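Work through the following exercises with the sequence and the coordinates at hand, and try each task before reading its solution.

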Amino acid sequence: MRVSEQQLKEWLDNGITIVNVDCSGMDFSHMDMRGVIFENVNLKNTLFHRNAFDESIFNDCDFENARFIECELNATLFNQCNCSGVNHINCQITKTSWSESQFISTQFHSGLYQKAAFIKSYFHKTTFQQLTATELVCTDTQLDETVFEQCNLYKSIFYQLDLRTCLFSHCELQNMVWTKSNLANHQFDGVNLSQSVFTEADLTGASFKKANLLQASFNGAKMSFVCMDEVQGKYAIFLEAQADHLSAKNADFEQSIFVEGFFEQANFSQSNLSLSVWQKANATKANFDNCQFYFTDFSYANLSEASFCLLYTS
C-alpha cells in the first residue's frame, strides 16, 4: 500500500507502528524518527538528512539505494533489512546494530561509529572509508570483497570471520580483536597493531614486516610462513602458536613469551630476544644467529639442530 508523506507524518507523530506500506522515494528529512517502529516497509531510494534516530526499530525493511546524510543514530536496531546500495555519509552512530541484514555495494563514508555492531549479516563489495569506529563489533558475518580505507578501528572486534578477501588500507588497527578470524596472506606491513589480539587466528602466509606488535597476542594462532621481519614486538605473546618457517629477522621481541609454541625452521637471526621465555617450545632447526639473549629462558625447549652462531649473551 502506497502512503502519502502527510499520512506517514501523522502516523509517526502519533507513535503508530508503520507496517506493510510503500514509502519508496520519500524525503524523510523533515520527520521525527525518534522511537519509530517500521515493519516490512519499502524504503527504497529514500532520503534521510540530519534525522535523529533514538531507540528506533526497523524490521524486514528494504533500504535499497537510500541515503543517510549527517544523521544521528542512537540505540537503533535494523533486523533482516536490505541495505544494498545505501550511502551513509558523515553519520554519528552509537550503540546501533544491524542483524541478519544485507549490504551489497553499500558505502559508509566519514562519521563517528561508537559500539556499532553487525551480526549475522552479509557484505559484498562494500566500502568503509574515513570512519572513526571505536569498539565496532562484527561477528557471524560474511565480509566478501569489503574495503576498509583510512579508518580508525580502535578496540574493534572482528570475531571468527573469513577476512581473506577484505582489504585494510591505511587504517589504524590498535587494540583490535581478531580472535579465530582467517587473515591468511594479509599484508600488515608497517601497520600499528599494538595490543591487538590474534588468538587462534589463521595468519598463514601473512606479512607484518616493520609492523608495531607491542603487547600483541598470538596465542594458538596459525602462523606458518608468516613474515615478521623488523617488527617492534616487545612483550608480545606467542603461547602455543604454530609458527613453523616464521621469518622474524632483525626484530625486537624483548620480554616476549614463546611458551609451548612450534617454531620449527623459524628464522630469528639478528633479533633481540633478551628476557624472552621459550619454556617447552619446539624450535628445532630454527635460526638464532647473531641474536641478543640477555636472561633468555629456554627451559625444556627443543632446540635440536638450531643455529646459534656468534651468540651474544650481554
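The exercises below go from the whole chain to single residues.

The model is a predicted one, in which local features need pLDDT of at least 70 and side-chain atom pairs count only at pLDDT 80 or more, while totals for chains, interfaces and linings use all residues. Residues are numbered from 1 along each chain as its sequence is written, and side-chain values use heavy atoms, with hydrogens and water left out.

**Exercise 1. Overall form**

Task: Describe the secondary structure of the protein chain and decide how its radius of gyration stands against the globule rule.

Solution. Next take the radius of gyration over C-alpha atoms and compare it with the globule rule, 2.2 Å times the number of residues to the power 0.38. For 314 residues the rule gives 20 Å, and the chain, at 25 Å, is well over this value, so it is more spread out than a compact globule. Finally, the box filled by the C-alpha atoms, taken along the principal axes, is roughly 85 × 25 × 25 Å.

**Exercise 2. Surface, contacts and charge**

Task: Find what share of the residues is buried, what share of the contacts joins residues at least 24 apart, and how the charges are placed.

Solution. With a 1.4 Å probe and protein chains only, buried means under 20% relative accessible area, exposed over 50%, and partly exposed in between; on this scale 49% of the 314 residues count as buried. The accessible surface, from the Shrake-Rupley method with a 1.4 Å probe and, for residues, only the protein chains shown as cover, comes to about 13,900 Å², and carbon and sulfur atoms hold 43% of it. A contact means heavy atoms within 4.5 Å, and among contacts between residues at least 6 apart in sequence, 1% join residues at least 24 apart. For the charges, Lys and Arg count as positive and Asp and Glu as negative, without His and the chain ends, each placed at NZ of Lys, CZ of Arg, CG of Asp or CD of Glu; the mean positions of the 20 positive and 36 negative charges are 1 Å apart.

**Exercise 3. The segment after S21**

Solution. Glutamate 172 lies in the segment after S21, as does glutamine 174, with strand S21 covering 167-169. Glutamate 172 is partly exposed at 37% relative accessibility, whereas glutamine 174 is buried at 18%. The contacts of glutamate 172 are Cys151, Asn152, Leu153, Tyr154 and Asn192, and those of glutamine 174 include Leu153, Tyr154 and Asn192. Between glutamate 172 and asparagine 192, 20 residues apart in sequence, the C-alpha to C-alpha distance is 6.5 Å.

**Exercise 4. A strand residue and loop residues**

Solution. Phenylalanine 108, in strand S12 (residues 107-114), is buried at 0% relative accessibility. Its contacts, again leaving aside neighbours within four places in sequence, include Phe103, Phe118, Phe123 and Phe128. Aspartate 62 is in the loop between S5 and S6 and is buried at 19%, in contact with Val41, Asn42, Leu43, Lys44 and Asn82 once such neighbours are left aside. Asparagine 65 is found in the loop between strand S5 (57-59) and strand S6 (67-69), where its phi is near 60°, a positive value in a residue other than glycine, and it is partly exposed at 37%.

Key:
Helix = DSSP H or I, 4+ residues; strand = E, 2+ residues; numbered from the N terminus.
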